Amino acid sequence: MGAASPALSALSGPTYVTAQSLVQQVAYLLSDKIFTYSPETFDLDAALKEWAAAQEANANGETTAVKTMETRQGAGNIALGYLFSQDFDLKKRHVPQGIVASSATLPYMRAALEQLSLLYSVASPVAAHVAAVDYVGEEGLVSDYASALSLAEELGLGLVSSASAHEAQHMALLTTLLASVLPSIHIYDGVRVGRETTRVIDVLGQSGLSNTYEAVRKTLEDSRSRHLDAQGKLLQLLQSLNGELGTDYGLFEYHGHAEPVSVLVAFGTVEASLTAQIAHSLAKDGVRVGVINVRVYRPFVEEEFLRVLPQSVKSVGVLGQVANEQAVQESSIRSALYEDVLAALTFAGREQTPSCIDIKYPRSQTWGLINTAAAFQLVHEKPIVQSENQAAPLQLFDPTTVHEYTFWDVDSSACVDAATALSKALASDSSSNVTTSQTHDNLVQGGAIRVDIRKSAKTLDAPYAVTAADVAYVGDVKLLGDLDVLASIKDNGKIIVNTPGVKDDELEKKLPITFRQAVALRGISLHLVDPSEVEAAQQPLVLQTAFLRVAGQEGVVKKLGNTEAVESVTKDLEKQLRQVEIPEAWKTPEEGTEAPELPKDLSANSFVAFDKNENEPPTLLKDWQTVAMGLSFKEAYNSKPALRPDQPTKTFTVHVKENRRLTPVTYDRNIFHIEFDLGNSGLKYDIGEALGVHAENDPKEVEDFIQYYGLVPENVVEVPSREDPAVLENRTVYQALIQNVDLFGRPPKRFYEALAEFATDENQKKDLLTLGGPEGNTEFKRRAEVDTVTYADILLEYDSARPAFHDLIRIIGPSKRREYSIASCQKVTPNSVALMIVAVNWTDPNGRDRFGMATRYLSKLRPGAPITVSVKSSVMKLPPKSTQPLIMAGLGTGLAPFRAFVQHRALEKAQGKEIGAVLLYMGSRHQREEYCYGEEWEAYQEAGVITLLGRAFSRDQPEKIYIQDRMRQSLPEIMQAYIREEGAFYLCGPTWPVPDVTAVLEEAIAAEAKNNGKKVETRKEIEKLKDEERYVLEVY
């Protein structure tokens, strides 16, 4: 997916390379076979596969076998089977086997690694090289060390970490050597550092790596080494490796003040690098702090840890990674590293044992200068960290000798690779060291990319984003509205913005107010580049040349490539590049404007640009004869009938059994009970689940639209299946508009933009593009929320935009099922399912009657009418024990699932089972009109099923009474049922009462705790109840 990998022979001596490539080099040269578990875009095994395909020889003169595997349950079993198969070549018994993976794979390999650990005495050496990276939903890409730490601790695996790209090769080599003693993992940062391209001075070539490996491995064969335990062998290996390489690596390495009082302990690539540099910087200023970086976590050699821990230390803080923020907050959870450090300190035998603090942080934590320095502050009494509003609290390198540049662009830009080309040009100077790092965020502007470049005379470790760039480039002005790009630029720095076709008098409209003000106040030079008049092929060269001129690096221009093209661009650069004179007025914000706080960086959620090329199969119109042929000759046409094949869920046809209104006809709200006969449909549902209704558009409105649009209702449309685009589904135009196309739904912004492509009237096209863009936000919001316009309304309004029918169903969203809580228990009514629904209707500002599609459809259904439905699971589940009380609060139709709950408890009581208390609270406006199922509730109360019935009719008396008021009036009963008898609480309905209802539960918890002489944090107790599924909300 990424750039071409380096040739195996090219990895030697000073060279530009990534840590990821060096790790693969070690694995390839020293392994017999490598099992790789790399997501496609992670490229953890890209070089391995290229070298194997080219039949490159490893250290044993053979081509290393590279086996690509999938991350899933049972990962590692094939590797385990290979090691212990009868066909295994015993001559290769001493040759290491390799695993290359991300930390996301480790949990799935646990079982295989556990078996390997138990049988290791008769196995080949196994070295796993793991990139600490995982993808976690909204958090995006995270550096995951916690998985490896816990696995190494529990299974007794070796675990080695690299602190930078410069030592990645050496640590991969150490791990492979340690694999001769015990199964071992080498872990390195897979989000940033492992993927940075930087200059590594002392890369071992093929022969050097092989010779070093053999020389060090032989130290384990002498008679003295054979009697050492794993810790002793590790020390022997490291000492021998240092002797071969001329290095001074330690299992634990101290950095900082000679006599510190406070020390951090850190594990991980970025953590180790940053804490070491900050400790040195603070120590120069006389701050008595330091850090111990853990290079080898397992075996954990306590004697070595205590040896490097200065005697002056009074407090130790352990930077311990845990799985997530919940684990950070949970006091009972300790980080794995903290447990080892605490044990070492406790049994150290020192006169005064230092205090030990567990500084937990989640995998999503991104470390930078400020928060790393703040970690030192947690264990140091005197203040060492300045606020973010002040100048940078720390400077890890001399800004006069280090040049920093940063590039921001959308990933669809034709010039997106310009930064990489610039980096290579800068790196052509052999006296310089250039480091290049990329970040992709596919959620900003449909995909954005940031490239950081640092250039210095000396080797530089800076595992964090540029925060004081000399020059920044922004390839799309829209990014300035989404990101605080200026946060990455130093005061009095320079910024270049690509503004194709923008004139000086239009500039202020294009630049956000906050951007203009910050540029003026911080003395930042603003340059504009406009390559739009240049041929597309030469535009990247214009941007590169402009950047180098602004950066004062014009001597590098000749390294950009074609000399003639460079000279031509340089000659005319003044036409494309200009500096803006900053008006004094920019310093003062306009009155009444509030500046939103923008993110200062992209959130890394991918390693590649999002693939925007969605090649949808064409939607075709056909006549009915073609479909008839397919139905008549099914085998020849490979066709089959299906019930609603457009739906991804399993659907059922049921029939209306009863449809009755629960509120009076004269009342303005139509709440109705609808019940369906399941017949032989096979539909099964559980208590608390929801019924998905696949509703249909109103036939009269569909017919009117067909007539207006000039469609033939009987024509057949062929569309690709959602499940498999190769499978085509057929339905008539009328059927598609009735069942599948959300024609009378509310259109999103992208519909206006898509429709604009079909508009032949220029004014209408302009209006549609405006409504689809940021300039039309206010008007779009008014249309959506006030006028409640539909897709059909827009098509009628902009009559010059007439997409063909196959385009129409492509740009209009599909109809979605509407889900309603089931108001019946199948054990009580095995052949039916009931719903309680309120009809949605309103009048828009133009006086038009509007209706909710699904509720209008359902309210009109008569007994016997067929309907397509499906079942959706829910969080509303009964507690495991029948004796556990139920406390239920339902507003309006939120009572529906509780009718099923009560039916189930009534059935259990009738069967002679003991049941817990049932407290039912209901809320609505008027008892006379909205006391839905009132007679049922009272009958259940009379029968002893419902213990307490709390009815809150808010408008039946002068003072309004709500559901939380009825709950508060029965607080003793809630304390008894909910806390003492461990009941479960449920709330179903709108979101607005959640805080008030929760407050009542917190009062009950606090009162019960007070009665028992305890003090509790009620919010934390509610969180615990959530985890125990005893506090359940289904709100909308």
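Does Asp43 count as buried or exposed, and at what relative accessibility? Asp43 counts as buried because its relative accessibility is 14%. Here buried means under 20% relative accessible area, exposed over 50%, and partly exposed in between, with a 1.4 Å probe and protein chains only.

The model is predicted: local features need pLDDT of at least 70, side-chain atom pairs count only at pLDDT 80 or more, and totals for chains, interfaces and linings use all residues. Residues are numbered from 1 along each chain as its sequence is written, and side-chain values use heavy atoms, with hydrogens and water left out.

Start with the domains. The protein chain is divided into domain 1 (8–245), domain 2 (252–378), domain 3 (402–587), domain 4 (624–633 + 699–811), domain 5 (649–695 + 817–874) and domain 6 (886–1035). These bounds come from an automatic or database domain assignment. The centres of domain 5 and domain 6, taken over C-alpha atoms, are 25 Å apart. Their contact takes 24 residues from domain 5 and 19 residues from domain 6. Contact means heavy atoms within 4.5 Å.

Next come the backbone details. Most residues other than glycine have a negative phi, and most peptide bonds are trans. Asp43 has a positive phi, near 55°. Asp43 sits in the loop between β2 (33–37) and α2 (46–53). Helices (H or I, at least four residues) and strands (E, at least two) are DSSP runs, numbered from the N terminus. The peptide bond from Arg298 to Pro299 is cis, with omega near -5°. Pro299 lies in the loop between β14 (296–298) and α11 (302–308).

Thr788 also has a positive phi, near 45°. Its place is the loop between α27 (777–787) and α28 (791–797). Thr788 counts as buried, at 5% relative accessibility. Leaving out residues up to four places away in sequence, Thr788 touches Arg746, Arg783, Asp793, Trp842, Asp844 and Arg850.

Now the helix pairs. Two packed helices are described by the angle between their axes and the distance between the axes. Axes are lines fitted to C-alpha atoms, for helices over the stretch in contact, and angles run from 0 to 180 degrees between N-to-C directions. Helix α1 (residues 19–30) packs on helix α7 (residues 206–217) at about 65°, with axes 11 Å apart. That makes α1 roughly perpendicular to α7. Angles under 35 degrees count as roughly parallel, over 145 as roughly antiparallel, 65 to 115 as roughly perpendicular and the rest as oblique. Gln25, Val26, Leu29 and Leu30 in α1 meet Gln206, Leu209, Ser210 and Tyr213 in α7. Those contact residues divide into five nonpolar, three polar and no charged. Ala, Val, Leu, Ile, Met, Phe, Trp, Tyr, Cys and Pro count as nonpolar, Asp, Glu, Lys and Arg as charged, and the others, Gly among them, as polar.

Helix α18 (residues 539–550) and helix α19 (residues 563–571) pack at about 65°, with axes 10 Å apart. Leu541, Val542, Thr545 and Arg549 in α18 meet Ala565, Val566, Val569 and Thr570 in α19. This contact has five nonpolar, two polar and one charged.

Two further sites remain. Val875 is in the loop between β34 (866–872) and β35 (886–891). Beyond its neighbours within four places in sequence, Val875 is in contact with Val1032, Leu1033 and Glu1034. Glu908 lies in helix α31 (residues 896–910). Glu908 counts as buried, at 7% relative accessibility.
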